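Please read the points below alongside the sequence and the coordinates.

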Amino acid sequence: MPATLTQTSLNTPVIRRLDNGLTIVAEQMPVDAVNLNVWLNVGSICETDEINGMAHFLEHMVFKGTPKLESGEFERAIEERGAATNAATSQEYTHYYITTAPKDFADLAPLQLEVVLNPSLADRPFERERMVILEEIRRSQDNPSRRTYARAMKTCFERLPYRRPVLGLTDTIERLSAAQMREFHRHWYAPENITAAVVGNLPVEELLDIVAQACDRAYSHQSDRAVPISPSFHPEPIFTEVVRHEERDPQLQQSRLVMLWRVPGKGELETSYALDVLAAILGQGRMSRLFRDLREERKLVSSIGTSNITQGIQGVFYIAAQLPEKNIAEVESAILEHLRRFREEPVDPAELFRIRAQVANRFVFANERPSDRANLYGYYQSQMGTLSPALTYPDRLRAIEAEDIQKVAREYLNPEAYGAVVMKEKHS
């Protein structure tokens with residue numbers, strides 16, 4: 001029997017690594033539900049340009065039947081029990097999840113592993129689903145916010161795969177084949193590349209055994225398959241000048257301004273924690289500096305917000321505003337002044353205390369349901385190989401000091417060097 005490792009925390013998740021490579025994280029939670037979150041270390045960064053969009057396309061095809069389950073049979077079984085299922089793909093992961101009543105979990109968990117590990121990926125369903133993917137790409141291109149974000153990522157990154165859309169491009173999707181997808185699945189969808197996080201109201205050992213047995217039944221080992229290894233990338237250097245992209249978008253009713261800085265990724269969590277707090281002080285919520293200054297007091301923007309996007313290879317500090325075209329230069333200048341203030345003045349202790357508590361509590365409150373908790377555990381264990389950051393994040397946030405914020409502002413948020421994207425509204 002594989003060894004079982006237990007984390008010491010207010011939370012009590014148990015980690016079990018099986019002989020076939022699957023990692024299971026389990027926790028009993030006194031809520032009348034069980035969530036199984038199956039995470040794979042495969043996303044669009046694993047693709048070449050020639051197959052960009054494959055990981056997301058495959059996520060759709062997983063639900064189109066297996067040798068044991070006809071197309072739609074999995075969803076019918078889920079709906080008949082009043083359960084729920086869904087999936088998502090990003091740059092660095094794909095995950096599939098079900099939420100069931102505890103009494104139904106032993107019956108439905110094997111179906112979840114079956115569809116993930118053994119999709120048929122037949123030619124005719126592939127061709128039908130290709131049309132669905134192409135329509136999803138078209139809708140994303142018609143969405144002003146998604147269009148602006150895509151342009152921002154292309155401006156921020158010159159070579160890292162974050163510059164490519166997760167959905168892929170129309171021309172690329174039109175050229176993909178079912179045979180290519182079958183090979184992609186064969187390479188990446190294996191137990192050693194999977195973390196299964198399960199949280200709900202069953203004993204931990206029962207949760208672990210149900211998932212382990214489900215994987216054993218679903219997976220037939222292929223001796224000639226190489227162990228999947230994610231591609232290796234290096235972060236891009238921080239900006240040394242202002243890199244600007246401007247265009248007029250006739251579909252916009254109001255202009256968009258996005259400002260970006262390249263910042264460390266998951267490998268430098270202490271820096272990310274300080275940037276999380278700085279982002280909250282600067283532009284998250286009605287009490288944030290940018291909201292009060294530029295929306296409430298000067299009324300220059302209709303909306304504004306800040307995010308510290310922590311990714312595996314490299315993160316992005318992201319400021320986005322929606323505003324009239326005539327206000328763009330004034331708002332950009334004001335944002336830079338706010339950043340200079342972080343570099344020159346320590347944050348006031350009262351403001352820092354309030355924001356640290358706000359960010360830490362938001363994290364805690366967002367992880368109260370079994371689905372939230374399983375999602376949290378699956379993300380950290382699969383993406384970072386440890387649950388420690390998930391279990392200690394609130395305490396680490398509360399330990400951030402004013403000098404930590406000033407340091408990251410000086411090192412990474414240079415007001416003289418950044419990426420800028422301006423999408424101007426249609427002419428009146």
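1. Cys-46 is buried, since its relative accessible area of 13% lies under the 20% cut-off. Please keep in mind throughout that this is a predicted model. Cys-156 is likewise buried, with a relative accessible area of 0%.

2. With a disulfide taken as a pair of cysteine sulfur atoms within 2.5 Å, the count comes to 0 disulfides. Cys-46 takes part in none, and the cysteine sulfur nearest to it, that of Cys-215, is 19 Å away.

3. The largest nonpolar core holds 79 residues, and the members that touch the most others are Leu-36, Phe-105, Tyr-189, Val-198 and Leu-260. Helix H8, spanning residues 204–218, gives the most to this core, namely 9 residues. There is also a second, separate core of 60 residues, with Leu-275, Leu-352, Ala-374 and Val-408 among them.

4. Which residues does Phe-105 touch, not counting those up to four places away in sequence? Its contacts on that basis are Val-34, Leu-36, Thr-100, Pro-110, Val-198, Leu-202, Leu-207, Ile-210 and Val-211.

5. Helix H1 (residues 54–61) packs with helix H4 (residues 123–142) at an angle of about 120°, their axes being 10 Å apart, and the two are therefore oblique to each other. The crossing in which H1 passes H4 is right-handed. On the H1 side the contact is made by His-56, Phe-57, His-60 and Met-61, while H4 supplies Pro-125, Phe-126, Glu-129, Arg-130, Val-132, Ile-133 and Glu-136.

Conventions: Residues are numbered from 1 along each chain as its sequence is written. This is a predicted model: local features need pLDDT of at least 70, side-chain atom pairs count only at pLDDT 80 or more; totals for chains, interfaces and linings use all residues. Side-chain values use heavy atoms; hydrogens and water are left out. Buried means under 20% relative accessible area, exposed over 50%, partly exposed in between (1.4 Å probe, protein chains only). A nonpolar core is a set of buried Ala, Val, Leu, Ile, Met, Phe, Trp, Tyr and Cys residues joined through side-chain atoms within 4.5 Å. Helices (H or I, at least four residues) and strands (E, at least two) are DSSP runs, numbered from the N terminus. Contact means heavy atoms within 4.5 Å. Axes are lines fitted to C-alpha atoms, for helices over the stretch in contact, and angles run from 0 to 180 degrees between N-to-C directions. Angles under 35 degrees count as roughly parallel, over 145 as roughly antiparallel, 65 to 115 as roughly perpendicular and the rest as oblique. A crossing is left-handed if the near helix is turned anticlockwise from the far one by less than a right angle, and right-handed if clockwise.
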